[in-house]
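Have the model open while you read.

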Amino acid sequence: MEIYFVRHGETEWNRQHMLQGHSDIPLNDAGLAGARKAARALKDISFDRAFASPLARARKTAEIIASEHAGLKVEVNMDLIEMCFGKCEGLNLHKEELPEEEERLRQQLRRWFQDPEHADPVPGGESVKEVKARCRHFLETVIAPLEDHCERILVVAHGGILRSMEGVIRQEADQEFWDGPIAPNCGAMVCTMEKGKLQIRQLLDLVAMASVF
């Protein structure tokens, strides 16, 4: 069985380098265009089931991709919601100067990025262990039981979730969480499952793929 994990299209907060987390930010025009290109890149791949985060940016991306596949319905799953960044949601990570309180939060966030296993998450935010537990739960309770019934599954979620899925599949330590690359908007991680074992097969840029068709 193959599983296509896809990151949602661009939002205005992506463009402005602002942390989104659980904030429900919609796709911008570029994000809608990117989702349509992703749909075109995947139109000849037959999916048996489709799952998405409940947040609008992922759900809409999934719906656009699913629209190329007759009868494919998008099923929302709460385990796929982006990791929560608590009080840091809406924070601009690249702005040179921030108000004192926001700068304090940014420094705490940077410490957590550097040492995710030991540093405390930002106030109200999820730990790496918590988000990886959600992803593990999704893989074990939703994906694994489908192996004998489906050939291909579509999962549309978020950068943090794809990074977490990769960490779970590769059995990485929590300290390594931020060491790997974050998938670009409409990037995909293609995995295979055989006898319950997951392996990462390839990484795709669906927008770039669509441009060559």
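Let's start with I161, which sits in helix α6. Helices here are DSSP runs of H or I with at least four residues, strands are runs of E with at least two, and both are numbered from the N terminus. Keep in mind that this is a predicted model, where local features need pLDDT of at least 70, side-chain atom pairs count only at pLDDT 80 or more, and totals for chains, interfaces and linings use all residues. Residues are numbered from 1 along each chain as its sequence is written, and side-chain values use heavy atoms, with hydrogens and water left out.

Is I161 buried or exposed? I161 has a relative accessible area of 0%, so it is buried (buried means under 20% relative accessible area, exposed over 50%, and partly exposed in between, with a 1.4 Å probe and protein chains only). Skipping residues up to four places away in sequence, I161 touches D79, L80, I81, E82 and M83, plus V131, R134 and C135; contact means heavy atoms within 4.5 Å. I161 and I182 are 21 residues apart in sequence, and their C-alpha atoms are 9.5 Å apart in space.

**How α5 and α6 pack**

Two packed helices are described by the angle between their axes and the distance between the axes. For helix α5 (residues 128–143) and helix α6 (residues 159–170), the angle is about 70° and the axes are 9 Å apart. The axes are lines fitted to C-alpha atoms, for helices over the stretch in contact, and angles run from 0 to 180 degrees between N-to-C directions. That makes α5 roughly perpendicular to α6 (under 35 degrees counts as roughly parallel, over 145 as roughly antiparallel, 65 to 115 as roughly perpendicular and the rest as oblique).

Which residues meet there? From α5 come V131, K132, R134, C135, R136, F138 and L139, and from α6 come I161, S164, M165, G167, V168 and I169. The residues of this contact divide into eight nonpolar, two polar and three charged. In that scheme, Ala, Val, Leu, Ile, Met, Phe, Trp, Tyr, Cys and Pro count as nonpolar, Asp, Glu, Lys and Arg as charged, and the others, Gly among them, as polar.

**Two helices with a buried face**

The 16 residues of α5 should span 22 Å at 1.5 Å a residue, and its end C-alpha atoms are 21 Å apart, which agrees. The expected span is 1.5 Å times one less than the number of residues. Buried in α5 are V128, V131, K132, R134, C135, F138, L139, V142 and I143. Looking down the axis of α5, these buried residues fall within an arc of 150°, so they line one face of the helix (the arc is that of the directions from the helix axis to the C-beta atoms). On the face of α5 turned away from that buried side, you'll find the exposed residues K129 and E140.

Now for helix α2 (residues 29–42): its 14 residues reach 20 Å from first C-alpha to last, close to the 20 Å expected at 1.5 Å a residue. G31, G34, A35, A38, A39, A41 and L42 are the buried residues of α2. Down the axis of α2 they fall within an arc of 160°, so they too line one face of the helix. What do they pack against? The buried residues of α2 pack against β1 (2–7), α3 and α7 (206–211).

**A few single residues**

| Residue | Relative accessible area | Class |
|---|---|---|
| A58 | 0% | buried |
| H69 | 10% | buried |
| C186 | 2% | buried |
| C191 | 0% | buried |
| H17 | 44% | partly exposed |

A58 lies in helix α3 and touches H8, A52, S53, V156, A157 and H158, not counting residues up to four places away in sequence. A58 and V76 are 18 residues apart along the chain, with 9.7 Å between their C-alpha atoms.

H69 is in the loop between α3 (56–66) and β3 (74–76).

C191 is found in strand β5 (residues 187–194). Leaving aside neighbours within four places in sequence, its contacts are M1, E2, I3, F5, I169, L198, Q199, I200 and R201.

Finally, the backbone of two residues. H17, in the loop between α1 (12–15) and α2, has a phi near 60°, a positive value in a residue other than glycine. C186, in the loop between α6 and β5, has a positive phi of about 65° although it is not a glycine.
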